[in-house]
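Trainee: Could you walk me through the labels on this one? I'd like to know what stands behind each of them.

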Amino acid sequence: MSTMTEKKSRLDMPALLAWFIVAMVVVGLFSPIFGPDYGVMDVPRLALCLVILAIAGVRYELGFMRNPLGDIILGIVTAIAAWLLIATSSHHAGQATLGFWALVAATWAASWLFVERLATWRHMSPLATRLINLAIPALFGITLLALWQVIVTGAGIPKVLLPAPSEIWVRLTNSGPTLWADFRQTFLKAVLAGYAIGCGSAFITAILVDRVPFLRRGLLPIGNLVSALPIIGVAPIMVMWFGFDWPSKAAVVIIMTFFPMLVNTVSGLAASDAMQRDLMRTYASNYWQTLFKLRLPMAMPFIFNALKINSTLALIGAIVAEFFGTPIVGMGFRISTEVGRMNVDMVWAEIAVAALAGSLFYGLVALLERAVTFWHPSVRG
């Protein structure tokens with residue numbers, strides 16, 4: 001019974017979204033768009049936006065477009081509507097009223113409906129399925145950026161509070177050398193060095209902890225204590241010990257990445273069950289043979305889990321550490337400096353670079369995990 005209810009709910013979602021689109025179009029038709037004097041028919045771009053959204057919503061509600069071709073048409077209509085809203089809001093910054101926001105809501109619902117329909121596509125080749133799986137989160141991100149642009153521009157939000165994505169993009173394109181220098185100082189030097197040393201030393205320590213029971217009882221509690229140290233207290237100390245350049249930031253990264261790697265590796269080495277270890281003993285395998293042929297392969301999902309966690313922790317640690325002393329270069333230095341100057345678009349540009357670098361780093365580790373742990377059910381599935 002519950003399965004039938006869930007199936008019915010899934011099938012009704014496109015209808016609900018289509019009805020919502022139609023309702024918002026009606027609100028936009030009879031409400032002012034910009035101030036008290038502009039209706040939707042007074043702005044040709046928004047009139048076109050209203051018409052194509054209305055047609056798409058009605059046809060989807062009547063079931064005329066519920067096929068792959070109709071889904072593609074819906075995606076094109078949504079993109080056109082979003083472009084019309086963005087282009088129009090830039091000429092009426094801060095003047096948007098109820099009718100405009102109703103069209104924004106209708107466009108958002110159309111994008112949701114498009115992604116909802118896209119997720120139901122079946123019976124495709126593995127390559128097409130993979131492309132669809134990549135397109136869905138990409139479209140979600142593009143939708144968020146479009147909403148961000150429209151809301152900031154239409155509501156007239158001051159740049160010092162929240163710049164529009166277009167302003168951040170202009171800053172990104174005009175500040176390439178500065179952003180590259182900051183990226184090289186923070187990521188290529190501090191993050192990568194600290195990540196490699198922290199994860200590598202924790203992995204070796206985990207082998208020693210597994211081999212020597214005394215270290216398991218004595219070292220793990222100390223590691224837990226170190227992991228609980230606040231970064232804002234550790235960073236100034238590391239700067240005093242290792243200087244203002246990138247080695248002090250790498251030291252902070254080492255501290256942040258050491259314990260997650262240690263704990264996950266120790267847990268992974270204990271993942272093999274007694275029957276598997278007994279089988280290795282029947283083959284006269286010693287400790288190291290069992291370690292390399294059974295226990296480490298079994299521990300790889302745990303190890304890569306720590307590597308993925310540390311890929312983001314490392315970047316966060318390096319950026320925060322740069323707030324407490326650094327040469328006149330680095331992502332953290334730039335963020336703290338430009339905030340004081342009210343150059344918020346530059347701050348967001350640095351955040352965008354950091355987010356992109358962290359995401360790509362995480363994705364690289366995830367791809368390596370799939371190649372190494374191809375045998376694991378989570379990867380095979």
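Mentor: Start with burial: buried means under 20% relative accessible area, exposed means over 50%, and partly exposed is in between, with a 1.4 Å probe and protein chains only. Keep in mind that this is a predicted model, where local features need pLDDT of at least 70, side-chain atom pairs count only at pLDDT 80 or more, and totals for chains, interfaces and linings use all residues. Residues are numbered from 1 along each chain as its sequence is written, and side-chain values use heavy atoms, with hydrogens and water left out.

Trainee: What is N310 in contact with?

Mentor: Contact means heavy atoms within 4.5 Å. Leaving aside neighbours within four places in sequence, N310 touches Y195, C199, M256, T257, P260 and M261. On the same terms, L307 is in contact with Y195, C199, M261 and V365.

Trainee: What makes something a nonpolar core?

Mentor: It's a set of buried Ala, Val, Leu, Ile, Met, Phe, Trp, Tyr and Cys residues joined through side-chain atoms within 4.5 Å. The largest one has 39 residues, and F187, Y195, M261, L262 and L307 touch the most other members. Two or more residues each come from α7 (176-211), α10 (246-269), α12, α13 (331-340) and α14 (344-372). Helix α12 gives the largest share, twelve residues.

Trainee: How do you know that the buried residues of α9 line one face?

Mentor: The buried ones are V234, A235, M238 and V239. Seen down the helix axis, they fall within an arc of 140 degrees, so they line one face of α9; the arc is taken from the directions from the axis to the C-beta atoms. M240 and W241, on the other side of α9, are exposed. The cover over the buried residues includes α10 and α12.

Trainee: Why is the W148 and W348 pair called what it is?

Mentor: Rings of Phe, Tyr and Trp (its six-membered ring) pair if their centres lie within 6.5 Å; planes under 30 degrees apart are stacked, over 60 edge-to-face, and the rest tilted. For W148 and W348 the centres are 5.2 Å apart and the planes at 65 degrees, so the pair is edge-to-face. W148 is in α5 and W348 in α14, so the pair ties together parts 200 residues apart in sequence.

Notes:
Helix = DSSP H or I, 4+ residues; strand = E, 2+ residues; numbered from the N terminus.
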